[in-house]
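Hello,

Here is the structure you were going to look at. My notes on the contacts between its parts follow below.

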Amino acid sequence: MTRIRGTRVVDATYDLTVNGQTRQVTGAHAGDSLLHVLRDRLGLPGAKNACEQGECGSCSVLVDGVLVCACLELAEAAVGCAITTVEGLAPAGAEPGDAALAGDVLTDVQQAMVEAGGVQCGFCTPGFVVAIHDLLAREPQPAPLDVREALAGNLCRCTGYGRILTAVEQVVAVRSGDGGGP
Amino acid sequence: MTDLQSRPVRGGPAGGRVGDSPIRPDGTPKVQGRFAFSSDLHAEGMLWGRTLRSPHPHARITGLDVGPALAIAGVACVVTAADVPGAATYGLISADQPVFAGDLVRYVGEPVAAVAADHPDTARQALDAIAVSYEPLPPLTDPEAAPGAEPIHPDGNVIRRIEMVHGDPSVRGDVVVEGEYEVGMQDQAFLGPESGLAVPDGEGGVDLWVATQWLHEDRDQVAACLGLPPERVRLHLGGVGGAFGGREDVSMQVHACLLALAAGRPVKMSYLRDESFLGHVHRHPARMRYRHHATWQGDLVRVDAEIVLDGGAYASSSSAVVANAARFACGPYRVPHALIDAVCVRTNNPPCGAMRGFGAVQVCFAHESQMDRLAARLGIDPVELRLRNALGPGDVLPTGQAITGTAPVAECIRAAAAHPLPPPAGDGLLERPGGAGRTDDPGRTRRGVGFAVGYKNLLYSEGFDDTSEARVRLEDGVATVACAVAEVGQGFVTIATQIARTLLGCDAVVLEPPDTLSVGSAGSSSASRQTWMSGGAVERACRLVADQVRSALARRLDVAPEALSLTDDGRLVGPGIHVGVAEAAGARVFEASAVHRHRPTTPLDERGQGTPDVSFVFAAHRAVVDVDPDLGLVRVVQIATGQDVGRVLHPAQVTGQIEGGIAQGVGLAVMEEIVVDDGLVRNPSFTDYLIPTVADAPDVLATCIEQPEPDAPFGAKGVGEPPTISSTAAVAAAIRAATGVDVTRVPVRPWDLV
Amino acid sequence: MTVIVPARLDDALATLAEDPALTVLAGGTDLMVELNYGHRRPLGVLSLRRLPEMRAWHVERSAAGHDEVVLGAGVTYTSLLGDELAGLLPSLAQAARTVGSPQIRNTGTVGGNLGTASPAGDTLPVLVALDATVELASAAGRRRMPVSAFLVGPKRNALRPGELIVTVRVPVAAGPREFLKIGVRNAMVIAVASCALAIDRERRTLACALGAVGPVPIRDHDTERWATTRLDWDASGPPHPSVVEGFGRRMAAASRPIDDHRATAAYRRHAVEVMARRALQRAWGQGRAA
């Protein structure tokens, strides 16, 4: 096949920019989703494989700052994009990829999820954490129904969502200076 | 009485004792994405396993050639029934289910072979290459026809029948109401796929990391199928992404081990979602015919029930599920006379087994529908009718067993009813039936309120000698707990740390990773039993350790051990002595193991009579729904509940169990059903098996009724199942109230209402 | 499998001309599911991700003198929900809001919805009701056709080998527009039935297309004419009940629903009747503020 000027043709070795770092992907099967590559090539299992159909949100990541399902992204087509996974979310003041992230430093969203009881089995949790971060970055003080609509793409089977919504409320309250909680 | 809504349910920091809401010990890695679920596991040189499954609900296998699969580059091995060295079949109660189908397949999705290859896609191509020829046979799909039909299994088509005769079934009431009810097939739909990693040890044995509900039971079944002694098969708990009963049966465990032993390399298996829907048991669909007799004043006189559960192709835990359905068929009411005929049959439909609520969910829909029917017939308020007949301590159940523990049924009912009703829905799209679809006409929306009460057993029943073992070690102020409980999300790990901190007065608690090597069985994470049984084992072991510390301290102080007393909050108190147990232990090592047992139960006799249960748990639900009567679309607005919990050990976790269980109950009421047509599953995906999203979740108001259960450790009753039992029935009742439609089936579909 | 990611549309078309068997990847919300589940194994994939013109949109005056929005085929559902676009194309925004989840809306595209041509595609009845046109490009040139002609059958469209959908042209709202969709769940649900309605007050016309109740979106021009002649365009106040009810019945009769695991045909037909009535009442009520 003729290589057209300016067209990138990708084979099974390519670079992805994940959490601020350039990572080389080798030996991947062409056609692998970004989810598969993150989990099985790059050692980033935070994004989860509950459905691989875009129906559950457990694989939610940010691609160029936009919330998407990693299972619906063709890995090779994400070359050149800035990918952020749950592992790369930075507590305020840190940059993605900071050494501080190895260890128990949590973002306020992560902290609230644990404190409010929004984590049971935890399989949906990374997806929710990413989706909540995305929501609050776009809408710092969302109305309750807007929160529900924004998180409607993240399924949870354990919690019934009550404690997750409480966690979001707590983060919003603290960020807006209302102190949050008794 | 504890009203969780009035106490801020906010988790605290790490640490925390019984009654606090500390954060869970695995919470931090879970929010960071670092927690290793079984589907996240990797090993050097690992292969990927996949399973070939029958496309037919009933067929003879006339040919099976794995040669073409073996010829594909990257395929390491293929295994079939011929390669199973030990028992060809397995099962929770009777070993009736083949590891791989031999000459017959009996349900769509039945495993026929498994392959291991270097990439999941290679494995999939290998499956496509295996040449199987089937001779399709007519599938038996009507459960009511099953008993009289040609047996589809050597064990016959009746898995178990229970006839329960209580009192004098010829007695009649002034009033009789009848109804026929149906519950569709619900799925546990846990998010973490069936998955695990099998690693051969090079000496003919194998280690398996797996997401399951009972490590030791799995180990026994796997070892039997591999033809290995149990100690050569070591199971380790991989992180579990939810269970709800769907992981009680073996799924990929034997397959992965067979592949790993054949290939001599680690094998990882992780089901895709469509395979998951076929790869585990579902909730039994039920058809029920009921007759309720009552006096004019509203006292229940007699209940007749005919219950048919469709168990699908293999027995799983069906015989226990049908026994539950029979025992709880009358509901939490005083019923002097009853005639219950409950049968679970075998068909070529998908196999059914344990799901949260275990038979009580199905009969609750029927008996609560009947109570509403009766209330209408008698002109009595539905809540009043339930209060009038509500069980209390000391009452005799239809099995002849008397309730010896707590039974705050009336309190649950009153608590649920006492919560304020919600205001009318606002203008937001998501608040109205039809949601973002904008179909709603506010002038037409009708609101309805419905009520339901349910109950079931806690723990195992019918004479099963259930146990749990724990070992606790105290050293340098750190308590280490070894207990093989399968943490599936319910939060046992948190409870275990709270118990140790409370009884040993320490802050630092370490939980050993659960496996079959280092400690005995903790039993199943099911039947709402772990807080009681394994919490009880941890408690016993902690008390033994504390007692050892007391003796050691007494020797050091040169006093009699009786001079020192142990408090329930981990302190040693005596003349001039007031010290925490852990502090008193110092650098010395103290260790104890304990096994917790419950008091004996008995099987049911031929009239369904006996003392089959240890304890009972009750809950009431009130549902408020808004319905679009022209389109049949339903918005569940609010669920209020009063639940019998014995004692709240962790307020935030109890709230989580209540809210999560209610969401599953709502799902069964209005949207969840595995659609089976002639044995074929029509909707094995999250696209068409719909579980509630956050946009569908109702507001939940919960009151916990705390009457400590005498026999239970800390007086605490299990909280996982009660929220699922009557929430579905309450929503159905609310829909009836809103529409006037006689809803006799759940899930309620829009076309049932228009 | 080869993955090709061109940076310019001309390059994409040249690549496609050379190898028309390439599978086109827009948002991926349909194709990736098939890849993940092994239902498709393309030999080559052409990703449109880097083509800037695909995500752009602008307003143009058509040859007939009406404003139309020219949407790049890569415009996502989320973009359709933006204030400006939603103001110009309100019923398309309403449809976009019901698609999937925020994750899906950020990724899925109008062009993809057309390319997949599912009978339940959410934007499709809106585009048909609004007489939208698609523009198809190949190395050999461009052509346009009405969306109603482009959608040929269930999951079948009129694309020729070597062609890409490049734009969709949708008339700007000249009157009230409504979109209603039935699903059993409040979010992330495939339409059981849907109804898109548009009223043009200047020209005194009404258009209504149904989704998920036939192999392609269904319009019934006879019913539209019937309704148009019976609506009192000069009076204020709601339409006469007989018109509303008649409209609902006729649209239901025009639908061709099937029984499947999501719903019964009878329910779908009934739902169409209710939706068509409500859409008409609501649309007629908008912009009636005098």
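Buried area here means the accessible area (1.4 Å probe) that two parts lose on being put together, summed over both. This is a predicted model, in which local features need pLDDT of at least 70 and side-chain atom pairs count only at pLDDT 80 or more, while totals for chains, interfaces and linings use all residues. Residues are numbered from 1 along each chain as its sequence is written, chains are lettered from A and ligands numbered from 1 in the order in which they are written, and side-chain values use heavy atoms, with hydrogens and water left out.

Chain A with chain B

Chain A and chain B bury about 4800 Å² between them, and carbon and sulfur atoms give 57% of that area. In contact (heavy atoms within 4.5 Å) are 56 residues from chain A and 65 residues from chain B. Five salt bridges cross this interface, a salt bridge being a side-chain nitrogen of Lys or Arg within 4 Å of a carboxyl oxygen of Asp or Glu. D40(B) forms a salt bridge with R39(A), with 2.8 Å between the closest N and O atoms.

On the side of chain A that touches chain B, the elements giving two or more residues are α1 (34–40), α2 (108–115), α3 (125–138), α4 (144–150) and α5 (162–175) of chain A. Helices (H or I, at least four residues) and strands (E, at least two) are DSSP runs, numbered from the N terminus. By class, that side of chain A has 26 nonpolar, 16 polar and 14 charged residues. Ala, Val, Leu, Ile, Met, Phe, Trp, Tyr, Cys and Pro count as nonpolar, Asp, Glu, Lys and Arg as charged, and the others, Gly among them, as polar.

Chain A with chain C

Here 38 residues from chain A meet 35 residues from chain C. The buried area is about 3100 Å², 55% of it on carbon and sulfur atoms. The count of salt bridges between chain A and chain C is two. R49(C) forms a salt bridge with E73(A), the closest N and O atoms being 3.0 Å apart. On the chain A side, β1 (8–10), β4 (60–63), β5 (66–69) and α4 each supply at least two residues, and β5(A) gives the most, with four.

Within the chains

Chain A is divided into domain 1 (3–88) and domain 2 (106–175), the bounds coming from an automatic or database domain assignment. The C-alpha centres of these two domains of chain A lie 24 Å apart. The area buried between them is about 990 Å², of which carbon and sulfur atoms give 67%. Zero salt bridges are found across this interface of chain A, and three residue pairs are in polar contact, both at pLDDT 80 or more.

In chain B, the C-alpha centres of domain 1 and domain 3 lie 37 Å apart. These two domains of chain B bury about 1700 Å², 69% of it from carbon and sulfur atoms.

Regards

Notes
Polar contact = N/O pair within 3.5 Å; in protein donor to acceptor, adjacent residues only side chain to side chain.
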